[in-house]
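Please keep its sequence and structure in view while reading.

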Amino acid sequence: MTTSPQAVRALAWGLGGPAAHRDDEAWVALAASRFPNLEVPWAPDVVVHPAGTADVIAATQFAREHGLGLAVRGGGVGWVGARPGTLLLDLRDMRAVRVDPWRRTVQVQGGAIWRDVHRELAPFGLAAAGAQFPRLGVAGHVLGGGHGWLSRRLGWASDTLRSAELITAGGRYVRCSAEEEPELFWAIRGAGHNFGTVVGLELDLIELASVTFGMVWFDPDATAEALAWCRDHLPQAPDELTTIVSIGHPPASLRPPDRLRGRAALHVLACHSGPPEQARRDLAALCAHPHVTADTIQDMPWPRLAMGNDVFISGVHRRSRMHYLDDLSDAVIAISERRAAEMAPLTFMSTHIYGGAMQRVDEHATAMSHRTKQFNYMVSTTWTSMEDGAALRGWQNEYLDEIAPLATGAAYINYLFDEPDRVPSAYHPTTWERLQAVKRAWDPANRFATNQNIPPTN
C-alpha cells in the first residue's frame, strides 16, 4: 500500500504540527538540519512533526491505514534513521519539562533533550540520571538503559523511570508503571524503542548542587602503564565517582603541553558527585600518578557540567561500535596502545567503567541486561564528506574485530547503531524471550521496526 502527497496534506490539515510526503517540497524543509549524523540513513515516505499527543495518535492511525511502518525520532541526534516505507514521527517540537520539587520527580515530553531537563532542574538544585552529552534525547537515552556522569550513584537512567506514556502501533494511549501495565513497564526499561511512541516520561531526581569534574591526561608514551593502573583502581571507586577512560587527541581548548600535541593519549574523565573534600581524597591517587601531564579537575556547579559538555558536530559522518569486557586484560591493553598510534584526530576509544548502583539491581528486574559487566569498550570515528570514510570504517572494524575474541559477546543496546544481528546479544536469553512475548502483545505486526529491533518471533 502506498500514500500520496495529497493524502499527507489532508492529514496535515488536522494536525497542530507540520507533515509532508517525500514527493512534496515541504519534505526537504522539514528534514533540513534535523539529522546531524550523515552516516544515518533518513528516507521515510512521510515526515510528521507532532505538536502534541493528539498529533501522534492521528499520524499513527494514518500510518496504519496506509500500510506504513513507524519510525520515531526523539529530541536527540537520531542514531537509527528511518527507512523507505515508514512514517517518521519527529518529536523535537514536544519538549515540555515539568518539575515537581516536592516529590523530586520530573515529567518530560518525548522530544525533550537533556539540556531542556537540566535547565528546568537547575533552580531547584535537582539532578537527573542524564547522558554525558546534553544534546542527546531523554527518551532514547532512558529507554535503552542510559549511562551518564551519575551512573555509579544512581544506576542506569532506566532505573530512575517512574512511569511512561506511549501511543501504541494501533494508535491507543497507554500509561505504564509498576502498577499499570507492569509487563510493558518492565520491557521499556531497556528495550523501550520497540513497543510504541513514548510521548512522556516521569523520572526520579536527587538533590545535587555541585560536582568535581575534569580530565586527567597521561603521557602518550605511558599508555599501557596508565591503562593498567585504571583497570586495577577505578572499578573499586566509591559510587560518587563515575569515570570514563579514553584514548584520543586532546582538544585545542586544553592548551596541551608539548608531550600531548599531535598525539593520541590516554585520559580519564572523572565526575565526583560527593562533597569536595571527599572528591579530593578519592581522586588523589589518579591525579598524583607520575605519568600525568595535564589535569583539569575542578569543583563546578552541576548545571555547568550537565548543560555545557557537548561534542556532537552536525553535518559529519559518525560511527561507533562497542564490546563489553569483563577485564581490561594485558592483551586488550596491548591492542589499545598499538591502535592509539594510528588514531585520526576525531577518532577515539572510550571505556565506560561500570559498577556501584548500576550493578545492584537484579538482572531480571527490568529488561536492561548484563548488569555485572564492568567495562563498555567503544571505538568511535568521525569524518567529513571530504575524507575517506571507507578507510576509517575499515580501520574501526579491524580494531573491534581484534577486541572481539577478548570480549564477553554481550552488547549495550544504545550503542548498536548499525549492527542488527547483534541486538539479541544485548539481552539475557530469558529476557530476550520475554521481550518477544511483550512485542507480540503490543506490536505483533512489528510496525515499530526501525530501531534496535526485537521481532515478535524468531
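**Cavities, a helix and a threonine**

By class, the lining of the largest cavity comprises 4 nonpolar, 7 polar and no charged residues. The model discussed here is predicted.

Colleague: Which strand supplies the largest share of the lining of the largest cavity?

Modeller: The lining consists of Gln132, His147, Gly148, Ser151, Thr242, Thr243, Ile244, His352, Ile353, Tyr354 and Met358. Strand E13 (241-248) and strand E18 (348-353) each contribute at least two of the lining residues. The largest share, 3 residues, belongs to E13.

Colleague: How much space lies in the largest cavity?

Modeller: The structure holds 2 cavities of 30 Å³ or more. For the largest cavity the value is about 40 Å³.

Colleague: Within what arc do the buried residues of H3 fall?

Modeller: Helix H3 covers residues 53-65, and its buried residues are Asp55, Val56, Ala59, Thr60, Phe62 and Ala63. An α-helix has 3.6 residues a turn, so residues three or four places apart point the same way. On the other side of H3, Ala54 and Glu65 are exposed. The buried residues line one face of the helix, because seen down the axis of H3 they fall within an arc of 160°.

Colleague: What span is expected for H3 at 1.5 Å a residue?

Modeller: H3 has 13 residues. From its first C-alpha to its last, H3 reaches 19 Å, which is close to the expected 18 Å.

Colleague: Which elements are included in what covers the buried residues of H3?

Modeller: One helix is among them, H1 (5-13). The cover also includes strands E2 (46-48), E3 (69-73), E4 (86-90), E8 (161-167) and E10 (197-204).

Colleague: Is threonine 212 buried or exposed?

Modeller: Threonine 212 is found in strand E12, residues 210-218. Leaving aside neighbours within four places in sequence, threonine 212 is in contact with Ala270, Cys271, His272, Pro276, Ala279, Leu283, Ile297, Gln298 and Asp299. Residues under 20% relative accessible area count as buried. The relative accessible area of threonine 212 is 4%, so this residue is buried.

Notes
Residues numbered from 1 in each chain as written. Predicted model: local features only at pLDDT ≥ 70, side-chain atom pairs only at ≥ 80, totals over all residues. Heavy atoms only, no water. Helix = DSSP H or I, 4+ residues; strand = E, 2+ residues; numbered from the N terminus. Expected span 1.5 Å × (residues − 1). Buried < 20%, exposed > 50% of the residue type's maximum accessible area, 1.4 Å probe, protein only. Arc of directions from axis to C-beta. Contact = heavy atoms within 4.5 Å. 1 Å grid on protein atoms, 1.4 Å probe; cavity = no way out; pocket = protein on both sides within 12 Å on 5 of 7 lines; lining within 4 Å. Points joined across faces, edges and corners; volume = space filled by probe spheres on them. Nonpolar A, V, L, I, M, F, W, Y, C, P; charged D, E, K, R; others polar.
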